[in-house]
Amino acid sequence: MAKYSAAVDQGTTSTRFMIFNHEGQVVGIDQKEHEQIFPKAGWVEHDAIEIWTRTQEVIAGALKKSGISPAEIAAVGITNQRETAVVWDKATGKPVYNAIVWQDTRTDTICNDLAKEGGQDRFRTTVGLPLATYFSGPKVKWILDNVEGVRARAEKNEVLFGNIDTWVIWNLTGGPKGGVHVTDVSNASRTMLMNLETLDWDAEMLKVLGIPRAMLPAIKASSEVYGYAVGALEGIPVAGDLGDQQAALFGQTCFSAGEAKNTYGTGCFMLLNTGTKPVQSKNGLLTTLGYKIGNEPAVYCLEGSIAITGALVQWLRDNLKMIEKSSDVEPLARTVEDNGGIYFVPAFSGLFAPYWKSDARGAVVGMTRFINRGHIARAALEATAFQTREVLEAMNKDSGVDLTALKVDGGMVYNELLMQFQSDILGVPVVRPQVAETTALGAAYAAGLAVGFWKNVEDLRSNWAKDKEWKPEMDAALRDKEYQGWKKAVTRTFDWIE
């Protein structure tokens with residue numbers, strides 16, 4: 001008798017396997033980091049083989065630690081770092097090149113060349129996205145153009161492409177021995193290759209980017225049975241697939257139009273459910289697929305993506321050695337009353353929403369001799385909250401709906417100083433759920449729904465429970481002054497790269 005639903009959560013810095021009971025509580029977990037590879041300035045890569053190895057290790061680890069037998073698991077879902085692109089040999093399962101990570105900016109020349117005709121928003125009405133280094137399509141083009149022999153092999157149907165979800169599912173279901181080559185609508189919508197209306201690969205986009213259709217996965221619903229696992233999860237249905245931010249939306253049970261969540265991870269991602277029709281953004285947001293359950297109509301979202309939030313804390317830890325562990329940032333920031341007049345704009349890989357400027361670079365502005373480590377730590381945390389406000393304002397304009405509260409999740413939501421400042425700078429309550437690991441939970445929900453472990457989304461809604469709420473305490477005049485200072489600081493990062 002199946003008692004649990006599980007998920008592989010393959011993130012930018014680590015991979016987790018999590019097992020959930022029917023109430024949506026975590027009953028088993030294992031997690032391992034993988035290497036971040038930086039071959040050149042602006043280039044970010046992962047070893048896809050290492051990611052698959054870590055995936056197998058955490059599956060075995062979580063089963064062992066929890067004492068749960070695979071026979072008790074109803075289904076497994078996948079959630080993943082989106083836009084990170086892998087191309088691999090169909091026969092051997094060996095990648096032709098490292099996975100090119102979503103943060104990587106090497107495709108800026110490709111994007112700029114494509115923008116010469118029709119500008120950055122040339123394809124926005126078709127795919128919902130601006131021309132930016134963020135998305136996978138240009139990364140695939142780069143691999144086909146720059147790795148010897150790969151284009152010829154792609155034409156001969158010898159290589160496969162996928163975001164990391166596709167890579168994990170293919171390996172999980174057998175790899176070269178019958179692995180299924182699929183993705184879901186949420187991941188496909190991050191490639192620049194999927195048509196928002198048809199939910200299929202767009203012939204014009206494939207032609208523009210020179211990508212053979214044969215190498216692309218089949219686009220499926222986010223909740224349906226794709227195949228069956230081999231290895232440690234032998235015979236278990238692989239039945240859920242959602243990009244990490246859409247999975248968090250699903251895990252936060254934002255199933256009604258107008259509901260929104262913000263996930264605080266390596267980057268920060270706010271998604272607003274806009275219902276079953278795509279809403280085109282006029283304010284620098286992405287129009288993206290939220291999810292699709294079985295044969296039901298697909299649900300769309302507006303998304304604001306911020307490249308660097310939690311990664312800024314890691315940078316203080318690893319590059320500046322300012323703190324020993326990420327959690328040390330809050331006590332350090334609390335050693336000062338405020339930011340001392342400085343702003344830290346972490347445009348390390350350009351600016352994402354709502355600016356989409358790949359030529360911006362990071363800056364700390366307003367420095368005086370008064371500033372110390374505490375101020376820098378505080379400004380680093382505040383950067384996350386300010387960037388979130390910029391995205392929220394764009395969402396309010398596009399949707400015509402003012403958000404009344406923000407559901408939050410991800411690693412940084414245990415930082416009480418940040419959550420209070422977030423509420424202060426937004427002027428709305430910020431709500432943390434009891435299970436903050438909503439990304440893995442969303443994938444487990446999608447998989448469990450597909451096999452009837454949960455009957456419908458109302459079952460999932462009844463699992464959601466509030467853990468803590470922060471209410472705004474900041475004076476409105478101070479809020480506006482702080483925010484204007486931030487907006488001024490952001491302009492100082494523009495056009496840095498010639």
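Visitor: What makes strand 11 and strand 12 a pair, and how many bridges join them?

Guide: 3 bridges join strand 11 to strand 12, and the two run antiparallel. Two strands pair if DSSP finds at least two bridges between them, so these two qualify. Strands here are DSSP runs of E with at least two residues, and helices are runs of H or I with at least four, numbered from the N terminus. By the way, this is a predicted model: local features need pLDDT of at least 70 and side-chain atom pairs 80 or more, while totals for chains, interfaces and linings use all residues. Residues are numbered from 1 along each chain as its sequence is written, and side-chain values use heavy atoms, leaving out hydrogens and water.

Visitor: Why is Ala-229 called buried?

Guide: Buried means under 20% relative accessible area (exposed is over 50%, partly exposed in between, with a 1.4 Å probe and protein chains only). Ala-229 has 2% relative accessibility, so it counts as buried. This residue lies in the loop between strand 11 (223-228) and strand 12 (237-243).

Visitor: How do you know what Ala-229 touches?

Guide: Contact means heavy atoms within 4.5 Å. Leaving aside residues up to four places away in sequence, Ala-229 touches Leu-172, Glu-234, Gly-235, Ile-236 and Val-238. Leu-172 is 57 residues apart from Ala-229 in sequence, yet 5.4 Å apart in space, C-alpha to C-alpha.

Visitor: Which strands make up the open sheet, and which are called edge strands?

Guide: The order is 3-2-1-5-12-11, with mixed pairing. Strand 3 (26-33) and strand 11 are the edges, as each pairs on one side only. Neighbouring strands are turned by 25° against each other on average, direction ignored. Helix 6 (residues 164-172) packs on this sheet, touching strands 1, 5, 11 and 12, and its direction makes about 145° with that of strand 5. Such angles run from 0 to 180 degrees between N-to-C directions, with axes fitted to C-alpha atoms, for helices over the stretch in contact.

Visitor: What makes a set of residues a nonpolar core?

Guide: The members are buried Ala, Val, Leu, Ile, Met, Phe, Trp, Tyr and Cys residues joined through side-chain atoms within 4.5 Å. The largest one here has 134 residues, and Ile-211 is one of those touching the most other members. Helix 12 (residues 373-399) gives the most to this core, with 12 residues. A second, separate core of 32 residues includes Ile-51 and Trp-170.

Visitor: What makes strand 15 mostly covered?

Guide: 6 of its 6 residues (286-291) are buried.
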